[in-house]
Amino acid sequence: MAESTNTEIDLSQYPHINKGLAGIVAFSSTKSFIDGEKGELIYAGYDIDTLAENASFEEVCFLLWNDRLPNQEELDGLNTKLQNNRELPEPVLNYIKSTSKNAEPMAVLRTAVSMLGDFHEVQTDDDKEFRLNQAISITAKIPTVIAAFDRARNGKNIVAPLDEKSTAYNFLYMLNDEEPGEKAEQTMNLCLILHAEHGMNASTFTNRAICSTESDMYSSVTGAIGALKGPLHGGANQQVMNMLMDIEEKDADPVEYVHGRLERKEKIMGFGHRVYKTMDPRARILRGMSKELSEETGHENLYEWSEAILKTMKDEKDIDPNVDFFSATVYYSMGIKPDLYTCIFAMSRVSGWTGHYIEQAENNRLVRPRAMYVGEKNKDWVPVENR
Ligand SMILES: CC(=O)SCCNC(=O)CCNC(=O)[C@H](O)C(C)(C)COP(=O)(O)OP(=O)(O)OC[C@H]1O[C@@H](n2cnc3c(N)ncnc32)[C@H](O)[C@@H]1OP(=O)(O)O
Ligand SMILES: O=C([O-])CC(=O)C(=O)O
């Protein structure tokens, strides 16, 4: 065995270490502000409640890409561009058709967005215009990928995107092959607004780190999708639904169920947040939607269990729900399959990711933090036959 001759770490090289980069401010940004103590969220100057009440997802996209709201002409222009960019290139569609029935939707989305990079827009002289065109193209195509995959894996015909209507309407239309009602469109629009942007979360950080190497937007969004997929981030919404389904299958009492998981030191998905120390304002809005939709669709039990879980988590751990907790029952009430929930998150968050990409590219510095080396040093080389 090689002998270690030096395990001392020169701490002067490392002023501090922040596991998980907690509390580290690495970028300045105009995209969003979060007050974790008050439970406040602002996108480019507008409170989330104001946007939830008044905006369309497309207006939020414009806001995140331009730091201001569009006038009517600009909004019409953006809507037309999004509508005209929804179709997928044939090879991407063929890939989606070729995926296995059991493929993870987020993995398919990640690969499809990566493939879309092969068909990227023509570089224009104006970098900003080029980046905006790419942001529009990716944002327009993600719903088509998700709907096409879901229909292909179920042996159903793939529904071509509409060249009219909102992102929310078109997505539900492609997914179900029927025109959505006004309520369904409004609900989906609201969900897209609520998930669009959230500061330096793990996927946006990943996206900015990739952008900082002067890599392209498709690579950044592909990486971000990979980061969002994990259950500690966007993947939690699917896990919330799995938990509710598990409670149903086991005919369990939700309070005892949560106690059991906490005793086993398991996390309850949809709870806790790195920044919020109170109720996530998006969860507050989604909570109301969940109640209303659960009652309307006869899934009151799921909403009641959610409330029982919320109370137990507050009483036992003083931990509040995050955006992923009530979004699960909202999507369920809309008849959407649980394994698509994180994809719908990505369909919205792509607006924030691409907004941050544009911001990073316009004021770039390579993202390159340090790691504290805690391994050994000065080991002697031992030839392979002697190890
Ligand atoms: C869109 C989003 O990404 S929102 C977040 C979605 N993710 C989830 O819902 C997954 C469940 N939640 C979590 O895992 C965490 O709360 C995170 C990852 C979101 C935040 O993590 P961190 O800021 O690193 O907090 P950390 O995981 O260290 O938790 C602090 C303490 O609270 C506990 N805790 C935090 N969240 C939970 C939870 N959901 N269930 C049970 N205990 C929890 C931890 O066990 C830890 O306790 P300890 O100090 O006794 O060890
Ligand atoms: O901010 C975070 O860490 C996670 C989150 O809520 C989000 O990305 O919406």
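Me: Is the crossing of helix 13 and helix 15 left-handed or right-handed?
Reply: The crossing of helix 13 and helix 15 is left-handed. A crossing counts as left-handed if the near helix is turned anticlockwise from the far one by less than a right angle, and as right-handed if clockwise. Helices (H or I, at least four residues) and strands (E, at least two) are DSSP runs, numbered from the N terminus.

Me: What should I know about the model and the numbering?
Reply: This is a predicted model, where local features need pLDDT of at least 70 and side-chain atom pairs count only at pLDDT 80 or more, while totals for chains, interfaces and linings use all residues. Residues are numbered from 1 along each chain as its sequence is written, and chains are lettered from A and ligands numbered from 1 in the order in which they are written.

Me: OK, at what angle do helix 13 and helix 15 pack?
Reply: Helix 13 (residues 281–296) and helix 15 (residues 323–333) pack at about 25 degrees, with axes 8 Å apart. Axes are lines fitted to C-alpha atoms, for helices over the stretch in contact, and angles run from 0 to 180 degrees between N-to-C directions. The two helices are therefore roughly parallel (under 35 degrees is roughly parallel, over 145 roughly antiparallel, 65 to 115 roughly perpendicular, the rest oblique).

Me: Which helix comes within 7 Å of helix 16, axis to axis?
Reply: Helix 11 (residues 236–249) does, and its axis crosses that of helix 16 (residues 341–362) at roughly 150 degrees. That is why helix 11 and helix 16 count as roughly antiparallel. Helix 11 passes helix 16 in a right-handed crossing.

Me: Which residues of helix 11 and helix 16 meet?
Reply: Asn237, Gln238 and Met241 from helix 11 meet Tyr341, Thr342 and Phe345 from helix 16; contact here means C-beta atoms, placed from the backbone, within 7 Å. That contact has 3 nonpolar, 3 polar and no charged residues. For the classes, Ala, Val, Leu, Ile, Met, Phe, Trp, Tyr, Cys and Pro count as nonpolar, Asp, Glu, Lys and Arg as charged, and the others, Gly among them, as polar.

Me: Switching to domains: how is the chain divided?
Reply: Domain 1 covers 32–234 + 341–362 and domain 2 covers 236–333, with bounds from an automatic or database domain assignment. Taken over C-alpha atoms, their centres are 26 Å apart. Domain 1 puts 21 residues into the contact and domain 2 puts in 23 residues.

Me: Which elements supply the domain 1 side?
Reply: Strand 2 (40–43), helix 1 (48–54), helix 8 (182–194) and helix 16 each supply at least two residues of the side that touches domain 2. By class, that side of domain 1 has 12 nonpolar, 7 polar and 2 charged residues.

Me: And the ligands? Where does ligand 1 lie?
Reply: Ligand 1 lies between domain 1 and domain 2, because both give residues to its shell. The shell has 19 residues, and the closest are Ala236, Lys267, Phe271, Gly272 and Arg274; a residue is near if its C-beta atom, placed from the backbone, lies within 6 Å. It splits into 7 nonpolar, 8 polar and 4 charged residues.

Me: Which residues are around ligand 2?
Reply: His198, Gly199, Asn201, His273, Arg274, Val275, Asn322 and Val323. Their classes are 2 nonpolar, 5 polar and 1 charged. Both domains give residues to the shell around ligand 2, so ligand 2 lies between them.

Note on methods:
Two residues are in contact if their C-beta atoms, placed from the backbone, lie within 7 Å.
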